Structure formats: structure tokens, C-alpha cells
Amino acid sequence: MAAPRRAAVLGSPIAHSLSPVLHRTAYQELGLAGWTYDRFEVDEAGLPAFFETLGPEWAGLSLTMPLKRAVIPLLDEISETAASVDAVNTVVRTEDGRRIGDNTDIPGMVAALREHGIDKVDAAAVLGAGATASSALAALSRICPGEIAVYVRSEARATEMRQWAERLGIAVRIADWADAERALHAPLVISTTPAGVTDALARSVPERPAALFDVLYDPWPTDLAARWSAYGGAVVSGLDLLVHQAVLQVEQMTGLSPAPLDAMRKAGERALAAR
């Protein structure tokens with residue numbers, strides 16, 4: 001009988017996380033009876049002490065805010081993808097005890113778009129300029145050779161986005177949030193803002209919108225996503241992203257592929273419906 005293996009999601013706050021639902025579903029579908037996946041409330045100050053408790057039974061960790069950058073000094077190695085945005089959301093513990101960091105948000109975004117038939121776009125717009133926006137730029141660097149407009153609220157945020165763009169080797173046009181209605185006419189709009197921020201933009205959705213990727217999943221749909229869908233536009237949700245990045249985490253932590261995407265999505269949908 002195989003030795004029990006452990007994994008978990010860390011962050012603060014963490015009670016809302018759907019990751020346990022997704023990963024446990026994957027373990028069940030893959031027949032990994034000895035695997036467990038938990039959630040732990042851990043902030044930046046408590047992260048080093050938590051890492052000291054990790055024994056050989058640990059296969060990996062999922063990380064959410066505010067730990068995606070704080071974890072980097074505690075790792076032995078990080079992938080090029082994670083290094084490109086200074087953010088790690090996945091840690092795999094190898095058999096010899098090494099801690100390897102990766103970022104599955106970026107390929108998860110690309111996979112979620114691809115699932116909806118979006119393999120390449122000539123131009124794109126990003127709403128917001130936080131950590132998720134930097135991941136969005138990294139994802140767009142893989143599928144968008146044309147102009148990427150980023151709509152921000154402050155010059156400080158504008159400077160950050162220019163720095164990320166330079167680091168990723170792409171060109172961006174920084175635009176003021178006051179003109180965010182113009183973003184809605186892009187072939188692909190990625191909204192990375194907190195709940196409620198884009199509600200006022202819903203009334204400005206064009207009659208024939210193209211594609212919207214709204215990274216929120218609770219509450220869902222957002223006002224913007226609901227209007228977009230009502231007008232016949234393609235909508236990719238935050239749950240799509242969450243499931244695709246979790247699939248990649250499961251595959252890295254367990255060494256098994258493919259992870260059960262459909263079963264994980266259905267489990268996530270049920271959990272959200274029950275809230």
C-alpha cells in the first residue's frame with residue numbers, strides 16, 4: 001500500500017478557497033485513496049514556520065494571496081514562468097526534499113481561453129493593474145502579437161505595468177480608467193479587477209462584443225459578464241481559470257496526467273451553487 005501523501009492550499013484569507021474541492025475530486029477520480037488536501041490560514045509572517053513543518057509526506061502546496069511572492073525566498077528553484085512575473089502559486093516537493101516553485105495561473109489562462117476557441121487575438125485590453133494583471137500580460141504575450149491596452153487608476157500602477165511589459169518583452173499602451181469603456185471594443189478583454197469594480201461598465205457593452213475573460217467566479221456572473229453574454233459575446237470565467245490552473249497543479253504534484261478536468265469543473269460548480 002502506498003504511503004499517504006499530503007497537499008494543501010495556503011493563504012489569508014483562505015476559507016473561501018475552492019481548491020480543496022477541486023483537488024480532492026481529482027484524487028478520487030485518479031484513484032489516489034491515500035492522498036489528502038487541506039487548507040491552512042497562513043500569512044507572510046507565518047509562512048517560514050509552516051515550511052519548517054513539511055515532511056516527506058508532503059507532495060506540494062497551492063499558494064494564494066498574499067503568499068505568491070513571499071514564498072520565493074523559501075524555494076530551491078522556480079520555473080521561468082514563475083520568474084517572469086515574480087509569482088509562485090504552486091510548490092512541488094521532490095523526493096530528495098527540494099522545493100520547486102511554478103506558476104500555473106499563466107498557462108491556466110491560456111488553456112481556459114483555448115477551451116473557448118481563443119488561440120490567438122490581434123489585440124487585447126486588460127482592466128486593472130494588480131498581480132493578476134501581470135499574469136494576464138504574461139498569458140497575452142503567448143497569444144497576442146498586437147497592441148495590448150492596460151486601463152489603470154493611477155500613475156503608480158501605470159509604471160508597474162510598463163515595468164512588467166518590459167520584463168515580458170511586450171509593448172503595452174497605458175490608458176486611464178476613465179476611458180475604460182473603450183476597452184470593451186477589443187477582440188479580447190481581460191478583467192482582473194475586484195468584485196463590483198466593472199459593474200458600471202456593463203451598460204457600455206457593445207451590441208456585438210467579442211470575447212471577455214473575467215477572472216472572478218464568486219459572485220458570478222458579474223454584471224459585465226452577464227451583459228456580455230446576453231449580447232452574444234464569448235465569456236471565459238474565473239472558474240475556468242481556477243480549474244485549468246488546478247489541473248496543472250494536480251498533474252505536477254501527483255505525476256499523473258491528464259487530471260480530470262470535467263469532474264473538477266462540475267465539483268467546483270456544485271460548491272459555488274451551494275454557497
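**Helix and strand packing**

Analyst: Starting with H4 and helix H5 (residues 131–143), their axes come within 9 Å and cross at roughly 55°. Axes are lines fitted to C-alpha atoms, for helices over the stretch in contact, and angles run from 0 to 180 degrees between N-to-C directions. Helices (H or I, at least four residues) and strands (E, at least two) are DSSP runs, numbered from the N terminus.

User: What does that make H4 relative to H5?

Analyst: The angle makes H4 oblique to H5. Under 35 degrees counts as roughly parallel, over 145 as roughly antiparallel, 65 to 115 as roughly perpendicular and the rest as oblique.

User: Which residues make the contact?

Analyst: From H4, Asp105, Ile106, Pro107, Met109, Val110 and Leu113; from H5, Thr132, Ser135, Ala136, Ala138, Ala139, Arg142 and Ile143. Contact means heavy atoms within 4.5 Å. The contact of H4 with H5 has nine nonpolar, two polar and two charged residues. Ala, Val, Leu, Ile, Met, Phe, Trp, Tyr, Cys and Pro count as nonpolar, Asp, Glu, Lys and Arg as charged, and the others, Gly among them, as polar.

User: Before going on, what sort of model is it?

Analyst: A predicted one: local features need pLDDT of at least 70, side-chain atom pairs count only at pLDDT 80 or more, and totals for chains, interfaces and linings use all residues. Residues are numbered from 1 along each chain as its sequence is written, and side-chain values use heavy atoms, with hydrogens and water left out.

User: OK. At what angle do H4 and H8 pack?

Analyst: About 120°, with the axes of H4 (residues 105–115) and H8 8 Å apart. H4 is therefore oblique to H8, and their crossing is right-handed.

User: Now the sheet. What is the strand order?

Analyst: S2-S1-S3-S5-S6-S4, an open sheet of six strands with mixed pairing. Two strands pair if DSSP finds at least two bridges between them. Strand S2 (35–41) and strand S4 (77–78) are at the edges with a single partner strand each, so one side of each has no neighbour in the sheet.

User: How many bridges join S1 to S3?

Analyst: Five, between S1 (residues 5–11) and S3 (residues 58–63), which run parallel. Arg6 has Trp58 as its bridge partner in S3.

User: And which strands does H8 lie across?

Analyst: H8 (residues 238–254) lies across S1, S2, S3, S5 (90–93) and S6 (99–102), at about 15° to S5. Helix H1 (residues 19–30) lies across S1, S2 and S3, at about 170° to S2.

How values were computed
Left-handed = near helix turned anticlockwise from the far one by under 90°.
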